[in-house]
Amino acid sequence: MDLAERLDRLGTETAFAVSAAAADWAARGNRVYPFHLGDINLPTPANIVEAMNEAIAAGKTGYCAAAGIAPLREALATNIGSDRGIEVGPANIVVQPGGKPVITKFIQTLMNPGEGVLYPNPGYPIYESQICYFGGRLLPYRYHETPTGFGIDLDQLRELAPQARLLIYNNLQNPLGCESSAEEMAEIAALAVEHDLWVMSDEAYFEMRYSGTSTSIASLPGMAERTVILYTFSKKFAMTGWRLGCAAAPVPVAEQIAKLNTNDESCTTHFVQAAGVEAAILAELERRRDAAIDALAAVPGVHCAKPEATFYLFPNVTEAVARTGFDTVTDFATAALHNTGVSFCTRHHFGSAQPEEREHYIRLAYSGISAEDITEGIGLLAKWMASA
Ligand SMILES: Cc1ncc(COP(=O)(O)O)c(C=O)c1O
């Protein structure tokens with residue numbers, strides 16, 4: 001058959017062939033232990049599924065804006081910006097059917113045929129496929145084993161950088177599972193600035209970590225204006241099959257990516273986007289909860305459990321009230337407001353106290369305050385308590 005010649009340059013995810021072989025082996029009655037899957041065998045959280053059902057019932061089944069619906073772009077801007085400590089507005093966000101389309105759209109928007117693209121190898125196979133497909137020059141950079149995992153061969157990267165126009169960087173790496181040290185990331189950012197490279201930061205696994213915090217290369221000096229972030233709901237919310245993600249990019253690039261959306265898929269499924277708003281809001285609230293719990297741990301005389309639901313904390317402040325010498329938790333709350341500006345309700349706002357109650361509690365709602373203000377405010381409370 002006479003197919004288009006460029007298809008000779010299109011690669012694929014050969015890992016899917018491993019799935020087929022395993023499925024075939026299982027179909028013949030054999031036990032298979034599936035370590036080949038990059039999918040998640042956990043359900044999408046129920047509230048996200050409910051939000052999607054409600055969106056369908058509400059008729060959100062037609063076309064919508066190519067760049068994404070406004071509430072989702074706003075929620076993603078807040079979420080991506082605050083998690084990474086960078087300024088992101090809705091105009092920077094272009095919703096996509098998954099994270100993967102960001103790879104092709106980054107290349108289509110910023111690479112001319114013949115231009116060099118640095119990309120990780122071993123790495124996610126779609127990078128190589130798309131660079132080849134659009135006629136770019138492959139500039140793979142390698143990793144070496146370190147005592148704690150893998151590191152990028154910076155000498156090789158330095159040597160190749162003058163030939164490149166684009167750099168693909170996948171920190172929290174598939175398949176290596178590794179993460180750049182602060183020094184390695186700073187070195188890569190410096191190279192990108194020095195050689196005026198456009199960078200795609202594939203952050204598919206930004207939130208998938210068991211300790212510590214992730215850093216985005218976009219937050220380093222000189223990087224926000226040259227970086228397109230690949231963001232996806234797939235792994236973070238166990239939504240691989242829903243196909244929802246976005247590009248977070250400088251506005252002129254975002255506008256071109258939105259134009260590609262119009263050409264390719266018109267828009268990402270409307271009701272899936274509506275469910276994404278629910279998911280993005282939850283992620284932000286989780287961040288605030290964690291910020292509040294961390295900050296409260298440093299306040300003398302305060303104890304608080306870490307709830308898995310709602311957006312309220314109900315810390316026990318019995319010892320704190322005693323330390324500050326107040327008779328009632330109401331006086332404690334008033335003094336806290338006047339000394340630190342931190343304002344909260346107390347147990348007494350939630351029904352009459354029972355006669356046997358001896359402990360004092362306050363209620364902190366974190367739905368209307370940013371994670372940064374949570375840390376700052378509770379920090380002031382800690383200082384005040386320490387001096388009491
Ligand atoms: C490094 C990396 N980038 C991007 C993707 C694509 O994710 P999505 O399912 O959101 O398209 C994956 C998926 O496995 C990945 O491992």
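The structure described is a predicted model.

## The chain as a whole

The chain holds 12 helices and 12 strands. Its C-alpha trace spans about 85 × 50 × 45 Å along the principal axes. There are 388 residues in the chain, and 46% of them count as buried. The accessible surface comes to about 19500 Å², and carbon and sulfur atoms account for 54% of that surface. Among contacts between residues at least 6 apart in sequence, 68% join residues at least 24 apart.

## The loop between α1 and α2

Thr 44 lies in the loop that runs between α1 (15-27) and α2 (46-57). Is Thr 44 buried or exposed? Thr 44 counts as buried because its relative accessibility is 15%, and buried means under 20%. Leaving out residues up to four places away in sequence, Thr 44 touches Val 49, Phe 237, Ala 238, Met 239 and Trp 242. With Trp 242 there is also a polar contact of 3.1 Å between the two side chains.

Asp 39 is found in the loop between α1 and α2 too. Asp 39 has a relative accessible area of 46%, so it is partly exposed. Which residue does the side chain of Asp 39 meet in a polar contact? The partner is the side chain of Thr 240, at 2.5 Å. Asp 39 and Thr 240 are 201 residues apart along the chain, yet their C-alpha atoms are separated by 6.7 Å.

Ser 19 has its place in helix α1. Ser 19 is partly exposed because its relative accessibility is 22%. Setting aside neighbours within four places in sequence, Ser 19 is in contact with His 36 and Leu 37. The C-alpha atoms of Ser 19 and Pro 34 are separated by 8.3 Å, and these two residues are 15 apart along the chain.

Helix α3 (residues 70-84) has 15 residues. From its first C-alpha to its last, α3 reaches 21 Å, close to the 21 Å expected at 1.5 Å a residue. The buried residues of α3 include Leu 72, Ala 75, Leu 76, Ile 80 and Arg 84. The cover over the buried residues of α3 includes the strands β1 (93-96), β8 (227-232) and β9 (245-248), along with the helices α9 (270-296) and α12 (371-387). After α3 comes Gly 85, with a positive phi near 65 degrees.

Helix α5 covers residues 125-133, and its buried residues are Ile 126, Tyr 127, Ser 129, Gln 130, Ile 131 and Tyr 133. Among the elements that cover these buried residues are α4 (100-110), β2 (116-120), β3 (137-141), β6 (164-169) and β7 (198-202). Gly 135 follows α5 and has a positive phi, near 80 degrees.

## The surroundings of the ligand

There are 14 residues around the ligand, and Asn 174, Asp 202, Tyr 205, Thr 232 and Arg 243 come nearest. By class, this shell has 4 nonpolar, 6 polar and 4 charged residues.

| Residue | Atom in the residue | Distance to a ligand oxygen atom |
|---|---|---|
| Gly 99 | backbone N or O atom | 2.8 Å |
| Ser 234 | polar side-chain atom | 2.8 Å |
| Lys 235 | side-chain N or O atom | 2.8 Å |

How much of the ligand's exposed area does the protein bury? Taken alone, the ligand exposes 390 Å², and the protein buries 93% of that.

## Backbone details

Asn 174, listed above among the nearest residues to the ligand, is joined to Pro 175 by a cis peptide bond with omega about 15 degrees. Pro 175 is found in the loop between β6 and α7 (182-194). The peptide bond from Asn 121 to Pro 122 is also cis, with omega near 10 degrees, and Pro 122 sits in the loop between β2 and α5.

Ala 238, one of the residues that Thr 44 touches, is not a glycine but has a positive phi of about 50 degrees. Ala 238 belongs to the loop between β8 and β9. Ala 238 is buried, because its relative accessible area is 14%.

Ser 266 has a positive phi near 70 degrees and is a residue other than glycine. Ser 266 lies in the loop between α8 (251-264) and α9. With a relative accessible area of 33%, Ser 266 is partly exposed.

Notes: Residues numbered from 1 in each chain as written. Heavy atoms only, no water. Helix = DSSP H or I, 4+ residues; strand = E, 2+ residues; numbered from the N terminus. Buried < 20%, exposed > 50% of the residue type's maximum accessible area, 1.4 Å probe, protein only. Polar contact = N/O pair within 3.5 Å; in protein donor to acceptor, adjacent residues only side chain to side chain. Contact = heavy atoms within 4.5 Å. Near = heavy atom within 4 Å. Areas by Shrake-Rupley, 256 points an atom, 1.4 Å probe, with all protein chains shown as cover. Nonpolar A, V, L, I, M, F, W, Y, C, P; charged D, E, K, R; others polar. Expected span 1.5 Å × (residues − 1).
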